[in-house]
Amino acid sequence: MKQKTYELFKNESLDTIVNEIEKELKTRNESPFWSDKVAPFSRAILSVLVPLRDNDLLFTPEGEYIETLTPEIFLRWSDFLSLKTLAFTLAHSNEANKLVRTKLEEEKCEQYTPIDLSELGTYLSRYTVNLENESLDFPIANYNLHQGVSNVIKSLL
């Protein structure tokens, strides 16, 4: 990973990060099929990770607190199943008005402010993720597609 990428994820806005990913993508010879998917997927993930970062409430897919948004944690959340779990965790947190389903200290969880999930929800629903029932699965083809998108993103960072 490039040092510039670490600084982007650590400090910059969602739009700045996505714009940089798009710029890097234009310098590559990626298929238009992948190119059309990278920015929306990145934007969907970052639409929730950046607010968590800005509120010092970032956590791993295992629920452990982390201080800094890095390309590695972004890629860990880009796993489609992890992203679905994150969406439901934040939806439950929005309802409870505190961060739930993590291993963060209770005092820190109480500092949570609801996050707008509309961009992430819209994205996930396009790929047949049921946003009403967490236990319902999505087609494996969608999982595999997003593994491919994640691999393209990884090559850009």
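A: Gladly! Let's begin with the lining of the largest pocket, which is formed by K2, K4, T5, L8, F9, E20, I21, K23, E24, L156 and L157. Two elements each give two or more residues to this lining: α1 (3-11) and α2 (14-26). Keep in mind that this is a predicted model, where local features need pLDDT of at least 70, side-chain atom pairs count only at pLDDT 80 or more, and totals for chains, interfaces and linings use all residues. Residues are numbered from 1 along each chain as its sequence is written, and side-chain values use heavy atoms, with hydrogens and water left out.

Q: What is a pocket, and what volume does the largest pocket have?
A: On a 1 Å grid over the protein atoms alone, a pocket is an open set of points with protein on both sides within 12 Å along at least five of seven lines, and lining residues have an atom within 4 Å of a point. Here the largest pocket has a volume of about 170 Å³.

Q: Is E20 buried or exposed, and what about K4?
A: Buried means under 20% relative accessible area, exposed over 50%, and partly exposed in between (1.4 Å probe, protein chains only). E20 has 19%, so E20 is buried, while K4 has 54% and is exposed.

Q: Where do the partners D15 and R43 lie in the chain?
A: The side chains of D15 and R43 meet in a salt bridge at 2.8 Å, N to O. D15 belongs to helix α2 and R43 to helix α3 (residues 32-54), 28 residues apart. D15 is partly exposed at 42%, and R43 is partly exposed at 23%.

Q: What does the salt bridge between K108 and D56 tie together?
A: Their side chains meet at 2.8 Å, N to O. K108 lies in helix α6 (residues 106-109) and D56 in the loop between α3 and α4 (71-77), so the pair ties together parts 52 residues apart in sequence.

Q: How many salt bridges does the structure hold?
A: The structure holds 13.

Terms used
On a 1 Å grid over the protein atoms alone, a cavity is a set of points where a 1.4 Å probe fits but cannot get out, and a pocket is an open set with protein on both sides within 12 Å along at least five of seven lines; lining residues have an atom within 4 Å of a point. Grid points are joined across faces, edges and corners, and a volume is the space filled by probe spheres set on the points. Helices (H or I, at least four residues) and strands (E, at least two) are DSSP runs, numbered from the N terminus. A salt bridge is a side-chain nitrogen of Lys or Arg within 4 Å of a carboxyl oxygen of Asp or Glu.
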